[in-house]
Amino acid sequence: MDRGSIKKWLKAPGKMGQKYSFWVVYFCTGCGIIEIPPTITSRWDAERFGVIPVATPRQANLFLITGYVSVKTLRAIIRTYEQMPDPKYTVGFGSCPINGGMYWDSYNTIKHLDKYIPVDGWIAGCMPRPESIFIAVTHLWTMIDKGMATGYIKYREKYKNYRKNQEEALGKLEWPPLYPVGDKNE
Amino acid sequence: MIIKVISIIVLPLIALIIGFFFLGLSRKVIARIHRRYGPPISQPLIDVIKLINQESISHGKLFDMGVILSLAGSVILVLFIPFGGIAPLATSGDLLVIIYLMLLAPLGVALSGGEAANPNVSIGISRKMMLALGYEVPFLFSLLAVMTWYKTTSLVEVVKAQQSFLWAIFYLPLPAVAYFMILPAMLGIRPFDIVSAPQEIASGTAVEYGGRYLALTTIQHAFHIFIDIALFVNLFLGGGNLLTFFVKMLVVFLLGLFINAVFPRLRIDQAIKYCWKWPAILALVGLIIARII
């Protein structure tokens, strides 16, 4: 942890600020949310890493997808993700967002979340323990340092494909595209 | 003249540093009371640096102007409050000016939130205005008690009179207690964090703020903490030089913080009932005593 190094703070304040102040949008998609209350309260104390939960996506910059994603939840996830201000990071928490997990043959569960929104990292396990959230956070620090956590840039560049996938899963979307989609206007 | 200009520049900076120190300290102290390790004291500064470097989403002209209005109101208010002998804009009637300027901050937030047109924001604003209505009554009574006792409306005169003899808290214990009882409501901390209740109305007035707007709001909050506590120290604890003033502010803030760390949140009707009952009665009795003696 290089939180105390003033040299780095002067060199890249934005990047360091992004690293050491993750505000997690408090969004429960599935059973994984049960691991969040112990993480943010006294026992594991996420606040010492600068991780705090916030109630609104406008203030957040980290999105934890906790648990399985049903088709209905995907709609809310996409809207929440698109409301978050730009450098933003997504972490899939648990096995289910990765490949469906134990719901691999369910008819209304999204199997691969990264087809619909960009995901910067995964935490495997069913359930992952609270410690693994901290490991994920430290990995995310390394990724931001090396410039690898660029999910939000990827979303902007490949928005057309993401939108197409979203429309395939959800039917017609009732909100306008976040970024201009070339083909639609022609 | 030059000293005045320098102090006009320096005083908001000092206020900002002290405000951010208090914000960080509050998170650390609350963490220790909860038996956690807690974030570093510089965490609010890290948050603000992050927020400045984030994308900011605007909802219109008034949305921008309201945030700036509330910040400007707080910065001007800082200049009227003497801090350890520095009082750049002190005049003969500055206590009255302070009463008026204190309403600028909630007004700016209300204007800005109205533009955002979010239902949570409207509930937050209505709660903020009602809470302001609640704590203004005992606040005015305590200020009136101090003004009546020292027969002046100048804050600098009040501080001078206390420094030559005993502090006002020994003559006017009841208004001092009343002011301390409404201090959490003025700061918007735990028993009275009805306005920014994250669990009920998704952080109330700050729902639509993100990026630079939230950074400005945090800076305004730091100024606000400085103003409310510095006013208490000036009115009742006799001011002091730079160091003793800071120590007195620290003591008052920590006492308020201990209340914040252990009490749950009140409802808005309970909060107004509380504000208009015990602190108002105490301050009114103090005012009558100050008038008679």
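**Chain A, overall.** I counted nine helices and five strands in chain A. Helices (H or I, at least four residues) and strands (E, at least two) are DSSP runs, numbered from the N terminus. This is a predicted model; local features need pLDDT of at least 70, side-chain atom pairs count only at pLDDT 80 or more, and totals for chains, interfaces and linings use all residues. Residues are numbered from 1 along each chain as its sequence is written, while chains are lettered from A and ligands numbered from 1 in the order in which they are written.

I read the elements of chain A from the N terminus as α-α-β-α-β-β-α-β-α-β-α-α-α-α. I then looked up the radius of gyration of chain A, which is 17 Å, close to the 16 Å that the globule rule gives for 186 residues, so chain A is as compact as a globular protein of that length. The radius is taken over C-alpha atoms, and the globule rule is 2.2 Å times the number of residues to the power 0.38. Along the principal axes, the C-alpha atoms of chain A fill a box of roughly 50 × 40 × 25 Å.

Next I checked burial. A residue is buried if 20 or more other C-beta atoms lie within 10 Å of its own, exposed if 12 or fewer, and partly exposed in between, with C-beta atoms placed from the backbone. Of the 186 residues of chain A, 42% count as buried.

Then contacts. Two residues are in contact if their C-beta atoms, placed from the backbone, lie within 7 Å. I took the contacts in chain A between residues at least 6 apart in sequence; 75% of them join residues at least 24 apart.

**Helix 4 of chain A.** I picked helix 4 (residues 71-83), which has 13 residues. From its first C-alpha to its last it reaches 19 Å, close to the 18 Å expected at 1.5 Å a residue. The expected span is 1.5 Å times one less than the number of residues. Which residues of helix 4 of chain A are buried? I found Leu74(A), Ile77(A), Ile78(A) and Tyr81(A). An α-helix has 3.6 residues a turn, so residues three or four places apart point the same way. I also looked for what covers the buried residues of helix 4; the cover includes strand 3 (62-66), strand 4 (89-93) and helix 8 (159-170) of chain A.

Most residues other than glycine have a negative phi, and most peptide bonds are trans. I noted some exceptions.

- A cis peptide bond joins Cys126(A) and Met127(A), with omega about -5°. Met127(A) sits in the loop between strand 5 (121-123) and helix 6 (130-146) of chain A.
- Asp45(A) is not a glycine, yet its phi is positive, about 50°. I located Asp45(A) in the loop between helix 3 (36-40) and strand 2 (52-54) of chain A. Asp45(A) counts as buried, with 21 C-beta neighbours inside 10 Å.
- Arg35(B) is not a glycine either, and its phi is about 60°. I found Arg35(B) in the loop between helix 1 (2-33) and helix 2 (43-52) of chain B. Arg35(B) counts as exposed, with 10 C-beta neighbours inside 10 Å.

**Chain B, overall.** How many helices and strands does chain B have? I counted 13 helices and zero strands. The radius of gyration of chain B is 19 Å, close to the 19 Å that the globule rule gives for 293 residues, so chain B is as compact as a globular protein of that length. Its C-alpha atoms fill a box of roughly 55 × 50 × 40 Å along the principal axes. Of the 293 residues of chain B, 52% count as buried.

**The core.** I looked up the largest nonpolar core, which has 143 residues. Such a core is a set of buried Ala, Val, Leu, Ile, Met, Phe, Trp, Tyr and Cys residues joined through C-beta atoms within 7 Å. Ile182(B), Phe226(B) and Phe232(B) touch the most other members. Helix 11 (residues 212-236) of chain B gives the most to this core, with 17 residues.

**Where the chains meet.** I found 21 residues of chain A in contact with 27 residues of chain B. Helix 2 (residues 13-20) of chain A gives the most to its side, with five residues.
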